[in-house]
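Here's a quick tour of one part of a protein model. We'll start with a strand and its neighbours, then move on to charged pairs.

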Amino acid sequence: MNVRDRSLRASAPVLLLLGGIVMTLVFTAPPSSLASDIQLKGFKIVEENGPAPWRIQAAEASVRNKSLVALRDIRAQMLEGAVEKVWARGDRGLYNTDTRILDLEGDTRAGTVSGFHFSAPTLRWDGNSSIITSQGGVELTASRLRVQGRTLSYNISTGIMFITGDVRARWLLDGRTP
């Protein structure tokens, strides 16, 4: 006897609405793994609300509830027109679709189109205010400049960045990189 399972776990496409974002999902997981979270591969969200559009991509995602998505291998970009203005990446993180906050951790890095790059143990990207923050140590580098401190606050809309707490800066005048 040949029985074909037509439940959701047998690859039926499903539309899912997360905080106003529509995604098409295809389930291929066995029934036991669907009991906890919805697992996604090749996750992508494009946010068009707020000061500028931005995009979040992740290799894998796990939907925890209607507004919280756990992500792995993440890249986020804020766009100005069709041009990338700011990018951020992290090994893992959480995205809250209600508050539009992306928390990144594990080898987190970010950069601007003007050539500033910063790294920290964690980064928080607030989509509503267009501000990236970090605590627990941060390092900013540019062509001949390196600045280290405890906290970072970068307003993407204005381009103003603050690094505070035991700040140390090094400016190299001989052309070597910091």
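"Buried" here means under 20% relative accessible area, "exposed" means over 50%, and "partly exposed" is in between (1.4 Å probe, protein chains only). Strands are DSSP runs of E, at least two residues long, numbered from the N terminus.

A word on the source: this is a predicted model, where local features need pLDDT of at least 70, side-chain atom pairs count only at pLDDT 80 or more, and totals for chains, interfaces and linings use all residues. Residues are numbered from 1 along each chain as its sequence is written, and side-chain values use heavy atoms, with hydrogens and water left out.

Strand 9 pairs on one side of the story with strand 8 (residues 117-126), running antiparallel through 3 bridges; pairing takes at least two DSSP bridges between the strands. Tryptophan 125 sits opposite isoleucine 132.

The largest nonpolar core has 32 residues, and Ile132 is listed with Leu71, Leu102, Phe118 and Trp125 as having the most contacts inside it. Such a core is a set of buried Ala, Val, Leu, Ile, Met, Phe, Trp, Tyr and Cys residues joined through side-chain atoms within 4.5 Å.

**Charged pairs**

The whole structure has 8 salt bridges, each a side-chain nitrogen of Lys or Arg within 4 Å of a carboxyl oxygen of Asp or Glu. Here are some of them:

| Pair | N to O distance |
|---|---|
| Asp107 and Arg89 | 3.5 Å |
| Arg92 and Glu105 | 3.2 Å |
| Arg146 and Glu139 | 3.7 Å |

Arginine 92 in strand 6 and glutamate 105 in strand 7 are 13 residues apart. Arginine 92 is partly exposed at 41%, and glutamate 105 is partly exposed at 37%.

Definitions and conventions: Helices (H or I, at least four residues) and strands (E, at least two) are DSSP runs, numbered from the N terminus.
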